[in-house]
Amino acid sequence: AVERAGTRSGHLLFTVDDALWFDDFDASASLALLRSNLRVYAVHAKLSPRCEYAHPNNKFMRVPALSSQPGLDEAVHLSALPAKSAAQLLVYDREKGEYDWNYPWELSASIYRLADVREALDAIRKNFGQEGVNHPNRLEGYGVRLLKQKKLASANQAGLCACSARPVVAVVTINRVQALFDNPVYGAGPGGQGPSSPEASPEALDSLLRA
């Protein structure tokens, strides 16, 4: 998929089957920002100013300061982007956040430069073998580990990330489609412990969304 994307675009959107997109998202604004500001590592569509709860950690999280006019190099400024771009995206220092707000390598709903994705994949293969990229949970977990260990040059040089100015997508984890990791799901006990409840069934979710 990465090689196919390379023939048509310099960017890649990671998303998953339980990502519920409920509003329009202008991907072109994200691409414009990533092209214009190399200090921005990724655009996280799943994050917006009111995202204050981290489901995997079962904790409320600190939201960093968000700005449409971050401290950029003089040569690059958001005012140089189309007006719609600046209005739809907010930029933040990821190290000032926690949990989802300081989790820059994630596969749920984020856009990256293709060159940065290739760097991450190559580093994962080098450090963890081919199996490190053959499972989405390993791909994400190993990528985060390398990033935290400062082993991804592109991430080291880009301390900022961006998010949507308004909610556009939510990751509704209601089932586990793999057996390697005991990921928390909605309807389970605190912290994802215990079996999923009937309220987390696909039928119950469909009924809720149609109400």
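The following legends describe close-up views of a predicted model.

Residues are numbered from 1 along each chain as its sequence is written, and side-chain values use heavy atoms, without hydrogens or water. In this predicted model, local features need pLDDT of at least 70 and side-chain atom pairs count only at pLDDT 80 or more, while totals for chains, interfaces and linings use all residues.

**View A. Packing of helices α4 and α5.** Helix α4 (residues 114-128) packs with helix α5 (residues 136-148) at an angle of about 90°, their axes being 10 Å apart. The two helices are therefore roughly perpendicular (65 to 115 degrees). Contact (heavy atoms within 4.5 Å) involves Leu121, Ala123, Ile124, Asn127 and Phe128 of α4, together with Leu139, Tyr142, Gly143, Arg145 and Leu146 of α5. Helices are DSSP runs of H or I with at least four residues, and strands are runs of E with at least two.

**View B. Surroundings of helix α5.** After α5 comes Lys150, which has a positive phi near 65°.

**View C. Strand β8 and its partners.** In strand β8 (residues 160-164), 5 of the 5 residues are buried, so the strand is largely enclosed by the rest of the structure. Strands β3 and β8 run parallel and are joined by 3 bridges (pairing requires at least two DSSP bridges); Val43 has Ala162 of β8 as its bridge partner. Strand β6 (residues 89-93) runs antiparallel to β8, with 5 bridges joining them, and Leu89 is partnered by Ser164 of β8.

Definitions and conventions: Axes are lines fitted to C-alpha atoms, for helices over the stretch in contact, and angles run from 0 to 180 degrees between N-to-C directions. Angles under 35 degrees count as roughly parallel, over 145 as roughly antiparallel, 65 to 115 as roughly perpendicular and the rest as oblique. Buried means under 20% relative accessible area, exposed over 50%, partly exposed in between (1.4 Å probe, protein chains only).
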